[in-house]
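Subject: Structure for your review, with notes

Dear colleague,

Please find the structure below, followed by notes on what was found in it.

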Amino acid sequence: MRSKFLGIGITLLFFLVLEIVVRFTGIHYLEQPEIFFVNLKKNFVESGKGDADIIVLGDSRSMALAGYPKQADVEFSIYNHSLPAMGPKYYRFFLDKYLKKGNAKPKMILFAASPKLYSTGYGPPLYDPDAKAVKENESVSEYLNRRWNEGIKKNFFRTATPTNIISYSGKQEDANQVLWEFFGHRYLHQFTFSELSNQYSGVERLYILSKAMPLLYESYRFHGAIRNALSGTNWKVDKNYKERSLFCEACENVEAGLCKPASSQLEDNRTIEDQITRHFGKYNISNRLKPELVLFSKELIRKELDAELKNPIPYVYRKPDFIVLKELIEYTRSQGIQFGMIYMPWIQEKQESRESKDLLADLKVFFRENPDVGLFFFPDSSYPSERFVDNIHYDCRGEKRVNEEFRNFVLPQVFRFLNSKQKSN
């Protein structure tokens, strides 16, 4: 009996020591790149050291925009806090956290998200992303009542038939579960358990907290890093990794396949940190892809675009729901922060479609109805498909073009707008 208790005690002590080690060391540097990236941004916000005059908020496409310190030809400092696949609720919650953590209040927010994130409302609740049962979040009592009635009508004498199953890596699984496993960590790593509890209500709160609860243990939160730490290869860091990071900002080197992620997880993440630090939040994730994969993806895009042109789908335009923009603007107004939106360039065929033109027309109407906020455009909102690696992300040369135009064409508009608002106040 004593030996059993001894074994249990040793096991508990082991996990206690592991938990302490993980909590007080930089173990996230050995995590997979996406989780590392989110934690790097989270730690920066929670440090309270943010002091940028202008903050860029957006998704994985706007991550390609570089920030800048104040200098001779840059009147206001800029930091890019865009994060991939966070969903439309992220922006309001992020700003609230940013201010509460003691970071300097920015003079302006530049919103640069993709159309679906600002024109389709907040979407269905997390627990029913396809809106098959409900379109909006329910209270617990509403949920229980609905499920009880569904059980009587559907499930007493037959098993529910899965309708959203996909096959991958020899497995079959619900597509929404796969998407949650791939993207869900971005919610869970960016915000704490208590922050998530305050951000959600009803059944959606129960859902997100059930996912967040295991992450209260840092040893679970960074279990991928612990696994990677067991390999000596992941600890190796070339002393010249910063020089290689600079080398890999040249598109010819990226396209030649000379800039694949390092085999060492620590070196790979140090390189990501170097690029984010030097470019004040910018990171173009497509530069990590193998050239052959980029070429394959571009060919696939071209085939899809050609197929759409040959066999157009009957056009049905749904009026946009700009609630995300409305609430962001209301929040920034309440905080005394100016608000502006950057209309990011997209694939030419997509941007010149009837749907995109109608949405842009409605967006311009919305901004005319809110004259105290700004809407800023690039010289051309349509880029050739060759400048994208998929339907969303710029390739290396697309990134270079968008940043050149951002600095030389968009930022002067933004600075003039901000100066005019400051003078009027």
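With which residues is L363 in contact, leaving aside its neighbours within four places in sequence? They are Y118, F322, L325, M341, Y343 and L375, where contact means heavy atoms within 4.5 Å.

Before going further, please note that this is a predicted model, in which local features need pLDDT of at least 70 and side-chain atom pairs count only at pLDDT 80 or more, while totals for chains, interfaces and linings use all residues. Residues are numbered from 1 along each chain as its sequence is written, and side-chain values use heavy atoms, with hydrogens and water left out.

Nonpolar cores

L363 is also among the residues with the most contacts inside the largest nonpolar core, which has 64 residues, and F111, L325, F339, M341 and F367 are the others named there. A nonpolar core is here a set of buried Ala, Val, Leu, Ile, Met, Phe, Trp, Tyr and Cys residues joined through side-chain atoms within 4.5 Å; buried means under 20% relative accessible area, exposed over 50%, and partly exposed in between, with a 1.4 Å probe and protein chains only. Helix 3 (residues 90-100) gives the largest share of this core, six residues, helices being DSSP runs (H or I, at least four residues) numbered from the N terminus. A second, separate core of 30 residues includes V74, M108, L110 and F376.

Aromatic rings and charges

The count of aromatic pairs comes to 21, under a rule by which rings of Phe, Tyr and Trp (its six-membered ring) pair if their centres lie within 6.5 Å, with planes under 30 degrees apart counted as stacked, over 60 as edge-to-face and the rest as tilted. F322 and F366 form a tilted pair, at 5.2 Å centre to centre and with 50 degrees between the planes. This pair links distant parts of the chain, 44 residues apart, since F322 lies in the loop between helix 15 (291-310) and helix 16 (323-335), whereas F366 belongs to helix 18 (residues 354-368). Both F322 and F366 are buried, and ring pairs link them into a cluster whose members include Y90, F111, F191 and F339.

Two arginines have their charged ends over rings: R270 over Y29, 4.2 Å from the ring centre, and R401 over Y383, 3.9 Å from the ring centre. The criterion is NZ of Lys or CZ of Arg within 6 Å of the ring centre and within 35 degrees of the ring normal.

Helix packing

Helix 2 (residues 33-47) and helix 3 pack at an angle of about 45 degrees, with their axes 7 Å apart; the axes are lines fitted to C-alpha atoms over the stretch in contact, and angles run from 0 to 180 degrees between N-to-C directions. Helix 2 is therefore oblique to helix 3, as angles under 35 degrees count as roughly parallel, over 145 as roughly antiparallel, 65 to 115 as roughly perpendicular and the rest as oblique. K42, V45 and E46 in helix 2 meet F94, K97 and Y98 in helix 3.

Loop residues

V134, in the loop between helix 4 (115-119) and helix 5 (140-155), is buried, with a relative accessible area of 10%. A131 lies in the loop between helix 4 and helix 5, and has a positive phi near 55 degrees although A131 is a residue other than glycine. F280, in the loop between helix 14 (265-278) and helix 15, has a positive phi of about 50 degrees and counts as partly exposed at 26% relative accessibility.

With best wishes

Note on methods. Helix = DSSP H or I, 4+ residues; strand = E, 2+ residues; numbered from the N terminus.
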